Amino acid sequence: MCGIGGFVDYERDARRGGPILHGMKRTLTPRGPDAEGTYFDEDTALIHRRLIVIDPEGGKQPMCSPDGNIILIYNGELYNTPELRTELMSRGHEFVGHSDTEVLLHAYLEWKTDAFARLNGIFAFAIWEKRERRLTLCRDRLGVKPLFFAPIRNGLTFGSTIDTVLCHPEIEPALDEDGLRTLLLLGPARPPESGVFRQIKSLLPGHFAVLTPENFTDHVYWQLEAHEHEDDLQTTIERTHTLICDAARRQLVSDVPLACFLSGGLDSSILSMLAAKDYAARGETLHTWSVDYRDNDKYFTKSIFQPNSDDSYIDQMVDFLGTHHHRVVLEPEALCAALLPATDARALPGMADVDSSLLLFCAAVKRGGTTVCLSGECADELFGGYPWYHREEILFEDTFPWSRSVGLRLGLLTPDAVRNGEEFVHQYYRDTCARAPRLPSDDKKAARMREMFVLNLDWFMATLLDRKDRMSMYSGLEVRVPFCDHRIVEYAYNMPWDFKSLEGREKGIVRRAFVDELPKEIVYRKKSPYPKTFHPVYTRLCADYVRRIFEDNTSVTASLFDRNAVQKLMQRPESLTEPWFGQLMRTPQIFAYIIQLDRWFRHYHVKIV
């Protein structure tokens, strides 16, 4: 993985943009600590920071076409590189190295923008065509890799991170009313097209955009489609198994050390099992990693969202697979302190300690000598893993199921902090539901499951993918997510709910597909999310930090919150009986989110306009 950035200016000489690129380089260095490259001509300036995973010499960027006209900067991994290379060679293309970057460049030379639909992978890239004075930006189908952009007076600036785009002098850290409502009422989620800052946009997943001196156009190269599921149950089980195995196998390719995150849950256990088999066939031992918190055995509290802790299940899988396992145990003090760099890493307030814990965990994994990891994100969104798919009282509720109470959030704010908050949130909810492709034959529940799929894909999964990318790449760790393979997504979207929830279980089809390859206790374990700390010291530290914020008359964040309402939560943290976001974010995470908001306003010198 890498970081990319740059700008196009059709009137001013871009070769004078060295100071801008220098600032962009600083923001991208954590994502690409191993190498750097730049390109300048009269119209454009491009920068690439590289995390070397495949072909150290042959994958250098920016990469130019043989005639020097086309320049590519690319962040990502292509998982069908061998097939593309073979087809391109049959068409006369010659390759110098074995990097996927070179394959992508030649695919564009052969098929232009039609090449994008042929790609299987996670990516964001920019292609500059010098003679045509044309910039093309493209992002993978599920938005695993980020790409932000903003118009400037005579062109456009773009980058892998929001920080990168802010390096251009025409882009200011300004927050309008929609941005503020996003942070306070939707956050840590954000609309798919939003960069939260007033001028900054996110290129939509499955889209590419083209800039010329005449105009800027946005195009769709992939989207979900509804069609009848024609496979019977046994065929569906076999097809699900085949797709998951193939996606995992493709993502084990690496020229640097690779490991798996292992929680003892179904998804990470499947990936670790498949990877361990691959390693064993080569006479090697797979490394696995898990995260926990000091004294969690003492303070763990069961809930419908987190019915059990991970420890015994991790031990069972390590014994079963014979992996070389590493445990990272986090301290509450470090978790609270890491809320600040976690905000910087995302360039936005995020999932509180769900972010900061992953930041610390990924840093430990990187220090341990690993550069690439496989992780089990996205299976829950695709195969009905969350409680809100199964609890009827939530399923048909007319709101985002992971963030059900706008009233709770508004109750923590001052009366004039935002206007029309309920309608703002509900409009995004309605628009997302309306985007779900349907069939005339869908009954009420089938239609609702399609809506839930798109809601989860566009919002909740996107938030988790943001988290995974920013927290891992902050330490130069590449994390791959095999369940995000678009072929799995397409198949799961049209799968009947009674197949998907086989035996009345979350991810029932996936359990059945791997029932003979994993211990039964793992296959039938209740769904449990990424772990959080229950330590009272963490809650106290966050509450004390919020008190200090509220005592500071210069704090923008303090001016937005009703101090009495927050104080009541401090006095009775148990009064919040259900998460205010996701599965884990309750009272301590409200405090942590306030801390992250304060950090964000101060760090970026944000002004509300």
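V291 has V328 as its bridge partner in strand β16. This contact belongs to the pairing of β15 (residues 287-293) with β16, which is parallel and runs over seven bridges. The model is predicted. Below are the sheet, a helix across it, and the aromatic side chains.

**The sheet**
- Five strands make up an open sheet, ordered β16-β15-β14-β17-β18, with parallel pairing.
- β16 (324-330) and β18 (478-480) are the edge strands; each has a single partner, so one side of each lacks a neighbour in the sheet.
- On average, neighbouring strands of this sheet are turned by 30° against each other, direction ignored.
- Helix α12 (residues 353-367) lies across β14 (258-261), β15, β16 and β17 (372-374). Its angle to β15 is about 145°.

**Aromatic pairs**
- The structure contains 26 aromatic pairs.
- One of them joins W402 and F460: the pair is tilted, with 5.5 Å centre to centre and 35° between the planes.
- W402 sits in the loop between α15 (392-395) and α16 (406-411), while F460 is in helix α18 (residues 444-473), 58 residues apart.
- F460 also pairs with F581, again tilted, at 5.8 Å centre to centre and 40° between the planes.
- F581 lies in the loop between α25 (563-571) and α26 (587-603), 121 residues from F460.
- W402 and F460 are both buried, and F581 is buried too.
- One aromatic cluster includes W402, F460 and F581, along with Y386, W388 and others.

**Charges over rings**
- K444 lies over the face of F396, 5.0 Å from the ring centre.
- R525 places its charged end over the ring of Y313, 4.1 Å from the centre.

Definitions and conventions: Residues numbered from 1 in each chain as written. Predicted model: local features only at pLDDT ≥ 70, side-chain atom pairs only at ≥ 80, totals over all residues. Heavy atoms only, no water. Pairing = 2+ DSSP bridges. Helix = DSSP H or I, 4+ residues; strand = E, 2+ residues; numbered from the N terminus. Axes fitted to C-alpha atoms, helices over the stretch in contact; angles between N-to-C directions. Contact = heavy atoms within 4.5 Å. Phe/Tyr/Trp six-rings, centres within 6.5 Å; stacked < 30°, edge-to-face > 60°. Buried < 20%, exposed > 50% of the residue type's maximum accessible area, 1.4 Å probe, protein only. Lys NZ or Arg CZ within 6 Å of the ring centre and 35° of its normal.
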